Amino acid sequence: MTITDPTPTETAPITDRRRLVRWPQAWRRPLTIIGGVIIAFWVIVAIVGIFWTPYPPLGQIAPRLSAPSGEHLLGTDSVGRDVLSRIMAGAHVSLPVPILVVALSMILGTALGAIAGYFGRVVDEVIMRLTDLVLAFPTIILAMVVTAALGPGLQNAVIALLAVSWPSYARVTRSLVLGARGSEYVVSGRLMGVSAWRSLTRDVLPNILAPIVVLATMDIGNAILLLSGLSFLGLGTVPPTPEWGAMVSEGVEQFSSWWIATFAGLAIFSVVLAFNFLGDSLRDALDPRAQKSVEGRAV
Amino acid sequence: MTAASPAAGPAHDPRQEGAERWWQRFPLARYVLVRLVVSVLLIWGVTLVTFVLTNLVPSNPAAAALGERAASNPDTVKAFERQYGLDQPVPQQYVSYLGRLVHLNLGQSTQTHNAVWDDLRSAFPATAELAVTALVIAAVLAIVLGLAAALRRGSILDQVVRVGSLIGFSTPTFWLALVIFYVFSYKLGWFPGSGRLDPQFDPPPQRTGFYTIDALLAGQIAVFVNAVEHLVLPAFVLVLYTLGILTRFCRTAVLEVLGNDYVTAARAKGLPRSAVTRRYILRAAAVPILTMIGLTFASVLSGAVLTETVFAWGGIGQYAYKAATTLDLQAIMGVGLLIGIIYVVVNFIVDLLYGVLDPRVRDR
Amino acid sequence: MKRLLTTIVAAGLAMPAFVACGGSSSGGGGGSTLVVDDQFDLKSVDPAREFEFTGNLITHQLYETALTFKGSDVKKPVPGICDYTMSFDNKVLTLKVTGKHTFSDGSPVTADDIVFSYQRVQGIAGNPSFLLDGVTVKKVDDKTVTLTSKDPNPQLPFILPNPSLGIVNSKVLQKNGGSTTAKDSAEQFLNKNSQGSGPYMIDTYDVQNKVVLKANPKYAGTKPAYDRIVIQNVQASSQKVNIQGGKTQMALSLGPDQVKGLDASKTQTIKGASTTTIYLWFNMTPAYGKAASNVKFVQAMRHAVDYNALLKLAGDGSVQPGGMVPVTFLGALKSDPNNSYDPAKARQLLAQSGYKGEPISILYSNDVGFGLDDQAQAIQAQVKKVGINLKLNPQPSATSLDAFRSGKSQAGLAYWGADFPDPADYLVFAPGQSLAKRAAWTAAQAPTSTQLATAAGQASGDQARDAAYQKLQQQLNVEGPWIPLFQPVDLLVAATSVKGVALNPLWTVDFGSLTK
C-alpha cells in the first residue's frame, strides 16, 4: 500500500447528488471550453478524414521530403505521402484506440479494485500485491516487453497498454470502496439481508463512479501518450497505417525534414492537452481528491 | 529491529492477565517487519514476472545474437545456448537464475558480452545523474510554484501555474526531446546533442558515477563544464515533464493544509504570513510532497527511456530498449530487477515514514 | 549559452588546448586525435567472436590478417602478414610469412600464432567460425602454414582478409585463458588488451559508448598519421551536427538523405558500392507460401516492382544488381530482363498464376536500417497497381529473424551482406542450401538450379567461375524465390582535413593509411 491510496478517512463517498447540478458551471470555464473545442475539432477532422483527405493518406504521389507548400500544406514524408492527409487519417487510430484502452482498463481495474476493497483479506492482499507488481515496472518498459512477447501490432499494443493501466483504477476503486463499505447505507443494506454482490453493485459502485470517471478522463491523455510512445519505438501500429507516434519516429530518421515529426507531435500534444483540460475541470466539479493516483504514472 | 525479540521486555510479566504477544507490544516493529517481508516478496515477484514474460517471446534468443551462417550450424547454436545457459529446461533456468542472484551474479548479456551486473553498474549512474538532476530542479520549482499558487488561490498566478502544469504533462516526452534537440543542437548549435561528454574528454575517475560530481571531485573544471552542457537538454525535457506532475501535487497538498483549523488559528493569532507558511503549512505539507517526489523518481526513470533514446545518453533506458528488442534475456531481467528494487525500496521508505508519522496506518 | 560556458572556462583557467581536433591542432610530436562517430552494433573486439560492422571496423585496426585488401578494392587479395600460393585443385593454400611483423609486446608474428588464431576461430564455434568450415590448418615450419580444404575452395584468399581472422599473439593469449576449444575465456582480456600486430591497440573499451585506440609503438609498418582514434556511439542526427561543427572528423552512419546539404568546404562525402543485397523472397512450399509459392506469381512480382523508384528511395549511388551477387564481385550479373518493371507483363503472368488477390504477408526487420520500412511501403504501393495485395509484417529483428529462419513464413523483404567478396558466399541461395531453407525451397523443386550451383561451386579459374555464377543467377531469376532489388550505397563523411580516406565494404575504413 502506498501513498497513492487516498486513505479512507479522506475520501467520503459522494452522496450529495446536488453536486451534479454544478456541472454546467464547470463546463463554462475557459479550460473546459478550450479542451472541448480542441476535441470537437479532432473529432470533426477524424470524421471528415473518413470521406475526404487532400490526398490519399497511403498514396505515394508527391516528391518525397518536400517542405510545406501551397500544394502540400504540411509537406510530404519519406515516401512522398502528404503529411496533412496522414495526420487526418491518423486520428482514426490515435483517438479511438486510447479511449478504448481506457474504457477497458477502467472496467477491469474497477472490478478488481471493488472486489479487493469489498471482500478484503486474502483477495485484497493478492490483488493489491499484483498492482504493486505492475507498478514496480516503468510503464513503457513493461509495455515494451509485453509487445515484444506478443509481436508488434495495434491489437497487441492495446493488450500491453491494458496490462499496465488497470492498477491505478484498482487502487482508487479499492480505497473508495473501503470508505463506502463502512458507511451507514451500505451497512444497513447488508443488515436488511441484501447479498454481497447486490450490495456492491447497487449501493457501493454507483456512489464511487464519479471519481473513477474523472480518473478515466485524465487517463485518456496518458493512454494516447503511451500508445504513441510504443509506436515511436516501432512496437505499435503496422505500416502503412498512419499513426501519430509512428510519424514522429519517422521524423527521427529524417531529422532534416522537421515537418514530419513536428506536426504529428503537435497533434498528439493538442489532444492530450484537451483531454487533460477536460479531466481537470471534471475533477473540480466532481471530486477534488481523485487526482493523486493518476499523476503518479508516467510515459 | 532487535527490539522485536521477545526477550526485549524483561520488565513485562507474562503471567499478567491478557498477556500481550511481542507484536502487540511493538506495533511499529511488526509493521516494519511485515512491510519488509512484503517488499522481498514483491522483488521476487518482479523476477518471476520478467522471467515468464521474456520466455513467452515466441523467438529464440540465438536468432537475435547469431549471424545467418552461424544460425544455420547446429554446433554454433548449441555452443551459444550452452554459454548462456539456455540449454537447460526453462524452470531450471529460473532456479539457477535465483541461485546466481544470491551472489549478485545477474548473468551475461548476449549483446555486450559483459556481465549484466557490470553493464548496469556503468549505465545506472548515467540515468541516475539525469534523473536526479531533473528531479531536484523540478522539485524545487514545483514547491515554490505550488506554494505560491495555493496561497493565492484563484489568482492569475494560480491559473497560469495550473495551465502550465497541465501543458507540462501533456507533452509527449519523445517528441519534446526531438524538438529541443532540433532547435538547440541541430539548428542553433548551442548545446551538444548526444552523449555525456565531448569525445576529447575522458570520463573523470569514477567515484559517484555522476560525471559532474566526479569531475569536481577530481578538480577537472573543463570536464565539469562539458558534462553540464551535455546534461542541459535531456534534463530540461525531464524537468518540464516532471514539473507538471509535482507542481499540481504541491498545490493540492498545500491547499489541503490550508483548510485545517490550526492554520486558520495561527493566522488569527496574528502570526506573520511568512511564519505561518514556514512553520505550519510547509511542515505539514512536507511529508506528502516528499513522498510524491520519491514516487516520481520511478516515473522519471520511465521518461528517461524515451529521452535517452533521442539523446543517446547511454543509460538504463537505452540499455533496456536494446535488451528488449534483441531478446537479451539476462539484461532484461537485470533491468527489471533493478527498477523493481528501486520502486520497492522507495515504497518501503514511504510506508515506513507513514507508519512512523501516522499511528492509524500501523494499527490497521 | 554554450559559448558563455566555454568562455568562462577559457578565462578562468587559461587552459592549454585540451581539444585535439584532427588537422587543426597537430602540436607536439606530429600525432593527433581522430574522432569518429558511429552507431554501434558492437559486441566484442575479440576477432574470433566479433562479426559486426563496428567490431570489424575496430578489429581491423588492431589485428593484421594473413592476406588483406588495399583501399577499397576487394577484387584482389594482397599480402598482409603472409604471401600465398594456391594449389591447382584449389584445395591447398600455402601461407608464407613475409616481411617483419611484430605484436604490440614486441614479439614477432610466427606460424604458431597463425595456426592458433585460426584454430581458435574454429574451436570457439562463434559467429565467424563458418569462415574456416572444412579447412584444416597445419604448421609446416616457423614461417609456413598450409590450409587444406575438403572441397575446392577458390574463395579462401578472399575470406582470409576478414577482420575476424586477425592474427593474435598466441603466447600471451594462452596465458590469459585463450584456447582453441569452446573453453576459451580470453574475450574479456582481449577487449581490454588487444594482442595484435596492427597499427593500433586498445586504449579504453566501453562497449556501449566509446572505444579509444592508441598507436601501437611496436607496429612494424609505417607509423600512422593519427596516434589516437576515438570511436563513439552517436545517433545519426548528432553525427551530422558534430561533423559540421568540426567536433568530429568522421561520421559513418549518415544516410543518403542526411548527407544532402553538408558544407562541401568542411566535409567530404565518400561513396562506395555496398556489398549488401536487399531482396524479396517467397516461400516455395505451398503449405507456407500459399499463392506466393507459385513460380508464375514470383515472376509477376519481378515485373511489378518499379526498381528505379526503389533506387531513388535508396539514394544516389545505390544500384540494381542483375542477380544476388553484388555488381562489384566476380560472377556478378550486370542486369537481367527477368527483373524489370513491366506492369503489362506482370498482369499477364499474374493471371496465369491463378492469384486471386489474397493478401501476401511480407516479413521484415524494422530495426536494421537500409530504409526497409520505406522500401516495403513503396513496394506495397507499386504492386498494388497490378493487383497484388501485400500485407506488411514488420518486427524487431529478435523475432523476425527467428520467424525467417523457421522456414515457415510466407514471404519477406530481407538483406544479405557479403561475408567475403566472392560469389561463393551466394551459393547459400541455391535450392536446398541454408538460405533456401528459409524459403522452403528444396533441390527436388529446382533440379536445373541445383545442377548449376554445383557446377559454379566446382568451377576453377576466374573466367570459368565468372561464367558459371552468371549462369546460375540467370536460372535463379527464372525459377527461384529471390528478387534482388538493390544494393544500398555506403557513405562515409569525413572532414576535409582528413586525407586518403578509402571506403572498404569489409571494415569501412583503414585508419592506419589515413594522411593529413
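Two residues are in contact if their C-beta atoms, placed from the backbone, lie within 7 Å. In chain A of this predicted model, residues 24 or more positions apart account for 72% of the contacts with a separation of 6 or more.

**Fold of chain A**
- Chain A contains 12 helices and 0 strands, and its pattern along the sequence reads α-α-α-α-α-α-α-α-α-α-α-α.
- Of the 299 residues in chain A, 60% are buried.

**Packing of α4(A) and α9(A)**
- Two packed helices are described by the angle between their axes and the distance between the axes.
- Helix α4 (residues 96-119) of chain A packs on helix α9 (residues 196-232) of chain A at an angle of about 140 degrees, and the two axes lie 8 Å apart.
- α4(A) is therefore oblique to α9(A).
- The crossing of α4(A) past α9(A) is right-handed.
- On the α4(A) side, the contact is made by Val97(A), Pro98(A), Ile99(A), Val101(A), Val102(A), Met106(A), Thr110(A), Ala114(A) and Tyr118(A).
- On the α9(A) side, the residues of the contact include Leu200(A), Val204(A), Ile212(A), Asp219(A), Ile220(A) and Leu227(A).
- By class, this contact comprises 17 nonpolar residues, 1 polar residue and 1 charged residue.

**Domains of chain B**
- The domain assignment divides chain B into domain 1 (26-102) and domain 2 (117-325).
- The centres of these two domains of chain B, taken over C-alpha atoms, are separated by 33 Å.

**Contact between chains A and B**
- Chain A contributes 47 residues to this contact and chain B contributes 50 residues.
- On the side of chain A that touches chain B, the elements giving two or more residues are α5 (121-135), α6 (139-150), α9, α10 (244-253), α11 (258-286) and α12 (292-295) of chain A.
- The largest share of that side, 11 residues, is provided by α11(A).
- The side of chain A that touches chain B consists of 30 nonpolar, 11 polar and 6 charged residues.

**Contact between chains B and C**
- Here 42 residues of chain B are in contact with 45 residues of chain C.
- Two or more residues each on the side of chain B that touches chain C come from α3 (61-65), α4 (68-72), α5 (74-83), α9 (173-187) and α11 (221-258) of chain B.
- That side of chain B holds 19 nonpolar, 19 polar and 4 charged residues.

Terms used: Residues are numbered from 1 along each chain as its sequence is written. Chains are lettered from A and ligands numbered from 1 in the order in which they are written. This is a predicted model: local features need pLDDT of at least 70, side-chain atom pairs count only at pLDDT 80 or more; totals for chains, interfaces and linings use all residues. Helices (H or I, at least four residues) and strands (E, at least two) are DSSP runs, numbered from the N terminus. Ala, Val, Leu, Ile, Met, Phe, Trp, Tyr, Cys and Pro count as nonpolar, Asp, Glu, Lys and Arg as charged, and the others, Gly among them, as polar. Domain bounds come from an automatic or database domain assignment. Axes are lines fitted to C-alpha atoms, for helices over the stretch in contact, and angles run from 0 to 180 degrees between N-to-C directions. Angles under 35 degrees count as roughly parallel, over 145 as roughly antiparallel, 65 to 115 as roughly perpendicular and the rest as oblique. A crossing is left-handed if the near helix is turned anticlockwise from the far one by less than a right angle, and right-handed if clockwise. A residue is buried if 20 or more other C-beta atoms lie within 10 Å of its own, exposed if 12 or fewer, and partly exposed in between; C-beta atoms are placed from the backbone.
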